[in-house]
Amino acid sequence: MSSAPPHISVPLDASRLPVTLPMLQERKRLGEPLVMVTAYDFPSARATEAAGVDLVLVGDSGAMTVLGYPSTIAVTTDELLVLSRAVRRGLRTPFMICDLPFGSYEGSDEQAVATAVRFTKEAGCDAVKLERGNATSVARARAIVQAGIPVMGHVGLTPQTSTALGGYRAQARSSQAAARIAREALALQEAGCFSLVFEAIPAAVAAALMPLLEIPVIGIGAGPATDGQVLVFHDLLGIREGRGARFVQRYADLQAEMDAGVAAYAADVRARRYPQPEHGYSIDEAELEAFRAELARLRQEL
Ligand code: KIV
């Protein structure tokens with residue numbers, strides 16, 4: 001039996017207290033891997049909560065995974081805010097980060113702060129994420145941090161500017177390109193970012209960079225040396241057509257499950273196997289008789 005007084009609700013597992021910035025930093029210091037997953041709605045948020053993940057990202061990848069856009073470019077702040085609010089309602093303990101969509105922060109520091117404030121006030125996120133480590137993104141990150149909102153940076157493959165990068169392809173594969181990623185990561189750290197995402201860069205480049213970074217780095221396609229890993233919810237659960245990027249490890253095949261489930265339902269309706277009596281509601285026989293009599297009267301009035 002728990003010795004805690006019954007009126008105090010203390011999680012049995014202290015690690016399930018809401019995740020804070022100092023906790024993330026401490027986990028890095030201890031070398032304990034951080035787990036991050038994307039979520040885009042209430043059920044995906046509940047799944048991350050149940051699994052006890054550390055960080056949840058309402059990624060602009062939701063543009064593709066749940067909104068059906070061909071890339072992340074088109075998604076708007078209002079659209080991501082709807083997804084973010086649903087995720088917020090499903091989360092209690094993970095640290096929640098919202099992506100700033102393309103075009104919502106690059107224009108000026110004022111625009112960046114205003115968008116970040118919207119995600120904080122309207123969706124209740126703990127932090128925002130922005131892409132790239134060029135001078136513009138570093139300035140925007142600094143401005144948002146100075147406004148009091150934690151910022152996660154994102155370097156390497158940055159899908160919002162994938163056209164300029166030549167497509168969805170690994171980055172930092174030459175010494176020059178790797179050195180540019182190093183400068184970007186250090187600039188974002190210096191601007192006050194609490195954490196960084198490394199996406200699709202060689203494992204050896206990530207490993208060489210790690211000793212320079214005091215903040216937690218979360219990798220996706222960046223090898224095992226980073227402080228944690230992130231995967232897109234739909235990729236790891238197989239809720240998609242095709243396999244996706246080489247770095248994706250699939251832990252379920254839910255798209256096949258969903259397709260089979262809907263097909264079985266459709267077949268049952270067409271064959272009149274569904275619904276069965278147990279799916280319906282009953283009515284008292286006398287009430288039914290009275291109703292039939294009332295219907296007969298109604299028919300005569302027609
Ligand atoms: O939008 C997203 O899902 C992301 C992750 C891949 C880090 O930015």
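Reader: Which residue in β2 stands opposite Thr-38?
Author: Leu-57 does. Keep in mind that this is a predicted model.

Reader: How do β1 and β2 pair, parallel or antiparallel?
Author: Parallel, over three bridges.

Reader: And where do the β2 side chains point?
Author: Leu-55 and Leu-57 go one way from β2. Val-56 and Val-58 go the other way. All four are buried. Side chains alternate between the two faces of the sheet in a regular strand.

Reader: Zoom out. What do the eight strands close into?
Author: A barrel. The order is β1-β2-β3-β4-β5-β6-β7-β8, with parallel pairing. On average, neighbouring strands of this sheet are turned by 25 degrees against each other, direction ignored.

Reader: How many bridges join β3 to β4?
Author: Three. β3 covers residues 95-99, β4 covers residues 127-129, and the two run parallel.

Reader: What is the bridge partner of Asp-99 in β4?
Author: Lys-129. Both Asp-99 and Lys-129 are also among the residues around the ligand.

Reader: Which other residues are around the ligand?
Author: The list also has Thr-38, Leu-57, Gly-59, Asp-60, Ser-61, His-154, Glu-199, Ile-220 and Val-232.

Reader: Which side chains have polar atoms by a ligand oxygen, and at what distance?
Author: For Ser-61, a side-chain N or O atom is 2.5 Å from an oxygen atom of the ligand. For Asp-60, a polar side-chain atom lies 3.0 Å from a ligand oxygen. For Asp-99, a side-chain N or O atom is 3.1 Å from a ligand oxygen.

Reader: Helices now. Which residues of α2 are buried?
Author: Ser-44, Ala-45, Thr-48 and Glu-49. The helix spans residues 42-51.

Reader: Why do they line one face?
Author: Seen down the axis of α2, the buried residues fall within an arc of 140 degrees, so they line one face of the helix. The general rule: an α-helix has 3.6 residues a turn, so residues three or four places apart point the same way.

Reader: What covers that side?
Author: The cover includes β1 (34-38), β2 (55-58), α4 (77-90) and α10 (233-236).

Reader: And which exposed residues sit on the face turned away?
Author: Pro-43, Ala-50 and Ala-51. Just after α2 comes Gly-52, with a positive phi of about 70 degrees.

Reader: Which residues other than glycine have a positive phi?
Author: Arg-132 is one of them, at about 80 degrees. Ala-172 is another, with phi near 60 degrees. Most residues other than glycine have a negative phi, and most peptide bonds are trans.

Reader: Where are those two, and are they buried or exposed?
Author: Arg-132 is in the loop between β4 and α6 (135-146). Arg-132 is partly exposed, with a relative accessible area of 34%. Ala-172 lies in the loop between α7 (162-165) and α8 (175-190). Ala-172 is buried, at 6%.

Reader: Which residues does a cis peptide bond join?
Author: Tyr-274 and Pro-275, with omega about 0 degrees. Pro-275 lies in the loop between α11 (254-270) and α12 (285-301).

Reader: Back to α4. Ser-84, buried or exposed?
Author: Buried, because its relative accessibility is 0%. Ser-84 is in helix α4. Leaving out residues up to four places away in sequence, Ser-84 touches Val-58, Met-96, Cys-98, Phe-119 and Ala-123.

Reader: What about Glu-122: which helix, and what does it contact?
Author: Glu-122 is in α5, residues 109-123. Beyond its neighbours within four places in sequence, Glu-122 is in contact with Leu-81, Arg-85 and Val-117. Glu-122 counts as partly exposed, at 34% relative accessibility.

Reader: How far apart are Glu-122 and Arg-85?
Author: 37 residues in sequence, but 7.4 Å in space, C-alpha to C-alpha.

Reader: Last one. What does Gln-189 touch?
Author: Leu-212, Leu-213, Glu-214 and Ile-215, not counting residues up to four places away in sequence. Gln-189 is in helix α8. At 16% relative accessibility, Gln-189 counts as buried, since the cut-off is under 20%.

Methods: Residues are numbered from 1 along each chain as its sequence is written. Side-chain values use heavy atoms; hydrogens and water are left out. Two strands pair if DSSP finds at least two bridges between them. Axes are lines fitted to C-alpha atoms, for helices over the stretch in contact, and angles run from 0 to 180 degrees between N-to-C directions. Buried means under 20% relative accessible area, exposed over 50%, partly exposed in between (1.4 Å probe, protein chains only). The arc is that of the directions from the helix axis to the C-beta atoms. Contact means heavy atoms within 4.5 Å. A residue is near a molecule or strand if one of its heavy atoms lies within 4 Å of it. A polar contact is a pair of N or O atoms within 3.5 Å; within protein, one must be able to donate a hydrogen and the other to accept it, and residues adjacent in sequence count only if both atoms are side-chain atoms.
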